Amino acid sequence: MGFKCGIVGLPNVGKSTLFNALTSAAQAAVANYPFCTIEPNVGRVPVPDDDLDAIAKLAKSATIVPTVLEVVDIAGLVRGASKGEGLGNRFLANIREVDAIIHVVRCFEDELVTHVEGGVDPIRDIELIDTELMIADLESVERQLDAFAKKARGGDKDAKALIALFERIKIVLDAGKPARTAIEPSAGAEALHLPLMTAKPVLYVANVEEASAATGNAQSARVAARAKEEGAEFVVISAAIEAEIAALTEPAEKREFLDGLGLKEPGLNRVIRAGHKLLGLIRFLTAGPKEARAWSIPKGATAREAAGAIHTDFAKGFICAETIALADYLALGGEQPAKEKGRMRQEGRDYIVQDGDVLLFRFNV
């Protein structure tokens, strides 16, 4: 569906290491100096889904196709980026093109890895990047308000509504707060498509040393508190550990490695799931002998819109969606038992799909 998460942060916080681990390939240069990533790197990452695996087993599916998260590795921002410092203007343009932000914050000490600000302070780093983005957004808002005012004078009703929204946003930006704090929580897709960087939803990823991967540390706790205050998502990982896990090829080796660290699963799994949630997406499932597949759709999408995610013909000729709730499918042992127990139901085109629904579309073209 084209939704993208952009990985941002200061230089040397672990962004490219995280990206490489996410994509299980060395697609981004990793080096101990600023601007080692000059062009954004894009990867499509499968979303871990234990439910899909369980459904595939019950349906005896030959193949499993998870939904994917598209991630963009964006080179490190520095102080003054909004004024063109470093490679700021190009990087800011890359951030504008994504739908949500994965903000990697350094929460580990390592004298061998330089810090562009001279020392580790994750809250300072968050505020530094927020400030650069807010300065750029404020300039954009002021330009757009002028444009909307001209349209409003010409009788454009939409422009009048946008003036009210952008005036609220200007007030919060002037107060040193991101644009998303001026947007109602129910705005949903509106927030994703506003042409402002600080309107985008944020996932903070606290990158800690290996010893703190399972529990976090004092610095990551500060980031967690900041995320809670903002209503943002938050995950703790050790990018170094994730790189090691990604390099292991045997599942048994990975399990042994994780057990030794006291981890139930790779931190990347939590990053990917949180990123998917950040985009306001849910998934529905389809299952049969040939294939079990997860499909991403916006939260609040109808059955007809879900059908269209598979193929436009499904939406055009939509008749109904035969629906089994995920819990029923798993508890009863698959499609046929659910049908026999009366747990499969027919839903019309306006049915709001729930996360995890197992759907079979009937259509006629």
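Biologist: How many helices and strands are there in the chain?

Modeller: The chain has 14 helices and 12 strands, and please keep in mind that this is a predicted model.

Biologist: And what share of the residues is buried?

Modeller: Of the 365 residues in the chain, 50% are buried. As for contacts between residues at least 6 apart in sequence, 69% of them join residues at least 24 apart.

Biologist: What about strand 6, which strands does it pair with, and in what sense?

Modeller: Strand 6 (residues 202–207) pairs with strand 7 in the parallel sense, over 5 bridges, and strand 5 is joined to strand 6 by 6 bridges, again running parallel.

Biologist: Is strand 6 buried or exposed?

Modeller: Strand 6 is largely enclosed by the rest of the structure, because 6 of its 6 residues are buried. In a regular strand the side chains alternate between the two faces of the sheet. Here both faces are covered, with V202, Y204 and A206 buried on one side and L203, V205 and N207 buried on the other.

Biologist: Changing topic, how do helix 4 and helix 7 cross?

Modeller: The axes of helix 4 (residues 122–153) and helix 7 (residues 218–230) come within 9 Å and cross at roughly 45 degrees. That angle lies between 35 and 65 degrees, so helix 4 and helix 7 count as oblique to each other.

Biologist: Which residues make that contact?

Modeller: From helix 4 the contact uses P122, I123, I126, E127 and D130, while helix 7 brings Q219, R222, V223, R226 and E230. Sorted by class, the contact between helix 4 and helix 7 has 4 nonpolar, 1 polar and 5 charged residues.

Biologist: Now the cysteines. How many disulfides are there in the whole structure?

Modeller: A search of the whole structure finds 0 disulfides.

Biologist: Are C5 and C107 buried or exposed?

Modeller: C5 is buried, because its relative accessible area is 0%, and C107 also counts as buried, at 2% relative accessibility. The cut-off for that word is under 20%.

Biologist: Why does S61 count as buried?

Modeller: S61 has a relative accessible area of 15%, and because buried means under 20%, S61 falls within that class.

Biologist: What does S61 touch?

Modeller: Leaving aside residues up to four places away in sequence, S61 touches A56, G288, P289, K290, E291 and A292.

Definitions and conventions
Residues numbered from 1 in each chain as written. Predicted model: local features only at pLDDT ≥ 70, side-chain atom pairs only at ≥ 80, totals over all residues. Heavy atoms only, no water. Pairing = 2+ DSSP bridges. Helix = DSSP H or I, 4+ residues; strand = E, 2+ residues; numbered from the N terminus. Disulfide = S-S within 2.5 Å. Buried < 20%, exposed > 50% of the residue type's maximum accessible area, 1.4 Å probe, protein only. Axes fitted to C-alpha atoms, helices over the stretch in contact; angles between N-to-C directions. Parallel < 35°, antiparallel > 145°, perpendicular 65-115°, else oblique. Contact = heavy atoms within 4.5 Å. Nonpolar A, V, L, I, M, F, W, Y, C, P; charged D, E, K, R; others polar.
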